[in-house]
Amino acid sequence: MDNAVRARQRVLALFLPIAAVLYISAEALSPRGTDQVITTTATALKVLPIAAKHPAQLYVAGSLALLGLGALAVSYAAIATLVRNRGSAVATVAALIGGIGAFCGAIVNVLVYPDLAAAATAHLSAGAAARFLVTTFNSGFGHGFSYAYFVGIFAAPALMGYALWRSRSVPRWLAVLFFVGLEVAQQQISSGPVVILYMLPFAAAMVLLAARIWQAAALPASQPQPEPTPVPASST
């Protein structure tokens with residue numbers, strides 16, 4: 001493994017703890033009750049007054065959520081580098097599903113955070129703002145990205161956890177911790193700083209996996225392959 005490959009692998013390792021910090025911060029800073037898909041007028045009328053009181057907080061939480069999901073997409077690719085031989089194909093599929101799911105989740109979170117904050121502060125009537133939000137979330141655009149996001153939420157952690165378990169590239173308890181921790185973290189709703197406690201297993205798994213990726217980059221290079229024997233040109 002040359003120095004350039006080592007450096008790239010270590011950069012990938014850094015994305016795991018960064019993703020955990022951003023993801024947890026976004027949920028902890030979200031105004032209580034706002035982190036949800038708004039598909040009914042009743043839900044919209046419930047969250048709009050909350051958003052109107054905390055628009056800046058919504059924008060900050062939304063920015064952290066977008067960055068956290070971007071870092072999570074890269075993290076899936078980084079974790080897949082740990083899997084060798086058995087489980088490698090599953091890890092590749094998990095990285096693909098996880099990356100696409102995280103990207104779609106970022107789009108959905110634009111609707112959840114910035115759109116909600118904008119609608120709440122746009123000097124519209126409550127009914128007009130509610131209709132705007134419900135129409136946006138119930139559009140084909142909103143449904144398409146939401147469905148892809150939810151598939152990624154459930155499928156990618158399960159597949160990557162299975163790949164880590166099968167490959168034995170990390171202790172099996174760490175594979176379980178990653179799967180359970182990420183699934184629990186993704187199910188959290190905005191309920192204040194208390195969500196940090198529920199998301200600590202996810203943070204621990206990401207830090208431990210990052211350490212494994214970093215250590216893998218520090219391993220000595222494998223024995224060089226012998227130079228191929230040149231084939232003599234045939235005489236004519």
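The crossing of helices α1 and α3 is left-handed, a term applied where the near helix is turned anticlockwise from the far one by less than a right angle, the clockwise case being right-handed. In this predicted model, local features require a pLDDT of at least 70 and side-chain atom pairs are counted only at pLDDT 80 or more, whereas totals for chains, interfaces and linings use all residues. Residues are numbered from 1 along each chain as its sequence is written, and side-chain values rest on heavy atoms, with hydrogens and water left out.

Helix α1 comprises residues 3-29 and helix α3 residues 55-80, and the two pack at an angle of about 150 degrees with their axes 7 Å apart. Helices are taken as DSSP runs of H or I with at least four residues (strands being runs of E with at least two), numbered from the N terminus; axes are lines fitted to C-alpha atoms, for helices over the stretch in contact, and angles between N-to-C directions run from 0 to 180 degrees. The pair α1 and α3 is therefore roughly antiparallel, on a scale where angles under 35 degrees count as roughly parallel, over 145 as roughly antiparallel, 65 to 115 as roughly perpendicular and the rest as oblique. The contact of α1 with α3 is made up of 20 nonpolar residues, four polar residues and no charged ones, where Ala, Val, Leu, Ile, Met, Phe, Trp, Tyr, Cys and Pro count as nonpolar, Asp, Glu, Lys and Arg as charged, and the others, Gly among them, as polar.

Helix α2 (residues 41-53) packs with α6 at an angle of about 120 degrees, the axes lying 9 Å apart. The helices α2 and α6 are therefore oblique to each other, and α2 passes α6 in a right-handed crossing.

The structure holds one cavity of 30 Å³ or more, and the largest cavity contains about 70 Å³ of space. On a 1 Å grid over the protein atoms alone, a cavity is a set of points where a 1.4 Å probe fits but cannot get out, a pocket is an open set with protein on both sides within 12 Å along at least five of seven lines, and lining residues have an atom within 4 Å of a point. Grid points are joined across faces, edges and corners, and a volume is the space filled by probe spheres set on the points. The lining of the largest cavity consists of Tyr23, Leu69, Leu72, Tyr76, Gly98, Gly101, Ala102, Tyr149, Gly152, Ile153 and Gln186, and the elements giving two or more residues to this lining are α3, α4 (88-112) and α7 (140-167). By class, the cavity lining divides into seven nonpolar, four polar and no charged residues.

The largest pocket has a volume of about 370 Å³. Of the 20 residues that line this pocket, Glu27, Asp35, Tyr149, Gln186 and Gln188 are the closest to its centre. Two or more residues of the pocket lining come from each of α1, α3, α4 and α7, with α7 giving the most, namely four residues. The lining of the largest pocket divides into 13 nonpolar, five polar and two charged residues.

Most residues other than glycine have a negative phi. Asn85, in the loop between α3 and α4, has a phi near 55 degrees, a positive value in a residue other than glycine, and at 70% relative accessibility Asn85 counts as exposed, with buried meaning under 20% relative accessible area, exposed over 50% and partly exposed in between (1.4 Å probe, protein chains only). Arg168, placed in the loop between α7 and α8 (172-186), likewise has a positive phi near 55 degrees and counts as exposed at 52% relative accessibility.

Further positions are described by accessibility and C-alpha separation. Val5, in helix α1, is partly exposed with a relative accessible area of 30%, and its C-alpha atom is separated by 39 Å from that of His143, 138 residues apart along the chain. Ser125, in the loop between α5 (114-120) and α6 (126-137), is partly exposed at 47% relative accessibility; Ser125 and Arg8 are 117 residues apart in sequence and 51 Å apart in space, C-alpha to C-alpha. Pro201, within helix α9 (residues 195-218), is partly exposed with a relative accessible area of 34%, and Pro201 and Gln186, 15 residues apart in sequence, lie 12 Å apart in space, C-alpha to C-alpha.
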